[in-house]
There are 2 protein chains.
Amino acid sequence: MKDKIKARSVPFSQTRSRHASETAEDYVEAVMELIEEQGECRVLDLARYFNVSHVTVSRIVKRLQEEDLLYSKPYKPVELTAKGSKLAKRVKERHLIVLAFLIKLGVDKVNADIDSEGIEHHVGSKTLAAMKKFLK
Amino acid sequence: MKDKIKARSVPFSQTRSRHASETAEDYVEAVMELIEEQGECRVLDLARYFNVSHVTVSRIVKRLQEEDLLYSKPYKPVELTAKGSKLAKRVKERHLIVLAFLIKLGVDKVNADIDSEGIEHHVGSKTLAAMKKFLK
DNA sequence: CATCATCCGTAGCCATTGCTACATTTACAT
DNA sequence: ATGTAAATGTAGCAATGGCTACGGATGATG
């Protein structure tokens, strides 16, 4: 009987690393956006963007440097590495597709904004392709 | 200039509690499903379902008891409280809608299964309504 | 009713992401 | 050149959710 228990498609074993990856995606996307909008991205800019303390940002930036996604010297602006930039572009494109998709589906802009930020991380390539097709 | 920084729609300040809520939703849904399928839900059933150790399950079940979502005596099956049961029904219905939506959108069942489990937690009432409409 | 396998709880470790409080660096203005 | 405000780093705490190792409870079986 017990062997009939179906495991989830996405094992919880990956919960922590999945969350860490989502953070990485959010941060590279934010860094790219802030650099585009105002030329540089400081720790405090990210803190304001995410509504967290600068301490939280500082620690996460440090971790993402070790993952070769971000780069910065102490007290200096945060920059994207080549790897981070590549990820950021992919994430932003996916985000825009999800957002446009929700709006075309009939969701108002405010809720489409909110939901797309949560949904984007869980949209696999197949689902993304289906959304793109729907948009055409 | 700095005041032009747009905060995210979903503040990161809520990240931890949001994750905790997602866990709660996943657990009540799993408990309901396991009880339906095999009459009762044990800690080890949940551990197998989520692919985590029984220790992780045990601690989360304890927390969800304090939140009045689950109920169980030591070494006894896990049950849903009235509050937990209500939440579980809501979560399951939303999950099924998201899954059906992805399939109708053209995503294959395997990927629809995977993505729906991640997406469901981020589908607000407006987006859910739009998905329901699309299904008709 | 004694034994043993299975189930479950506890102790204690780590990583992630929040926080406040305090220290340090930078940069600008006088 | 010096002082000060703003920006950033560091120390250390909490909550959540992973884990292994160990021990106690339960229940089935002889």
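The model is predicted: local features need pLDDT of at least 70, side-chain atom pairs count only at pLDDT 80 or more, and totals for chains, interfaces and linings use all residues. Residues are numbered from 1 along each chain as its sequence is written, with chains lettered from A and ligands numbered from 1 in the order in which they are written. Chain B superposes on chain A by a rotation of 180° with 0.0 Å of shift along its axis.

**Symmetry**

- The same surface serves both copies, since 100% of the contact residues of chain B recur in chain A.
- I119(B) is the residue of chain B that comes closest to the rotation axis, with its C-alpha at 2.6 Å.

**Contact between chains A and B**

- Chain B and chain A put 39 residues each into the contact, where two residues touch if their C-beta atoms, placed from the backbone, lie within 7 Å.
- On the side of chain B that touches chain A, at least two residues come from each of α1 (15-38), α2 (43-50), α4 (82-105), α5 (109-119) and α6 (125-135) of chain B; helices are DSSP runs of H or I with at least four residues, strands are runs of E with at least two, and both are numbered from the N terminus.
- α5(B) gives the most to this side of chain B, with seven residues.
- By class, the side of chain B that touches chain A holds 17 nonpolar, 12 polar and 10 charged residues (Ala, Val, Leu, Ile, Met, Phe, Trp, Tyr, Cys and Pro count as nonpolar, Asp, Glu, Lys and Arg as charged, and the others, Gly among them, as polar).

**DNA strands**

- DNA strand C is surrounded by 25 residues, the closest being T23(A), S53(A), T15(B), R42(B) and L44(B); a residue is near a strand if its C-beta atom, placed from the backbone, lies within 6 Å of it.
- Two or more residues of the surface near DNA strand C come from each of α1 and α3 of chain A and α1, α2 and α3 of chain B.
- α3(A) gives the most to the surface near DNA strand C, with five residues.
- This surface near DNA strand C divides into 11 nonpolar, eight polar and six charged residues.
- Around DNA strand D there are 23 residues, the closest being T15(A), R42(A), L44(A), T23(B) and S53(B).
- The surface near DNA strand D has 11 nonpolar, eight polar and four charged residues.

**Helix α5 of chain A**

- A112(A), D115(A), S116(A), G118(A) and I119(A) are the buried residues of α5(A) (buried: 20 or more other C-beta atoms within 10 Å of its own; exposed: 12 or fewer; partly exposed: in between; C-beta atoms placed from the backbone).
- The buried residues of α5(A) pack against α4 of chain A and against α5 and α6 of chain B.

**Positive phi**

- Most residues other than glycine have a negative phi.
- D68(A), not a glycine, has a positive phi near 60°, and D68(A) lies in the loop between α3 and β1 (70-71) of chain A.
- D68(A) counts as exposed, with 11 C-beta neighbours inside 10 Å.
- N51(B), also not a glycine, has a positive phi of about 60° and is found in the loop between α2 and α3 of chain B.
- N51(B) is partly exposed, with 15 other C-beta atoms within 10 Å.

How values were computed. Least-squares fit on C-alpha atoms with pLDDT ≥ 70 in both.
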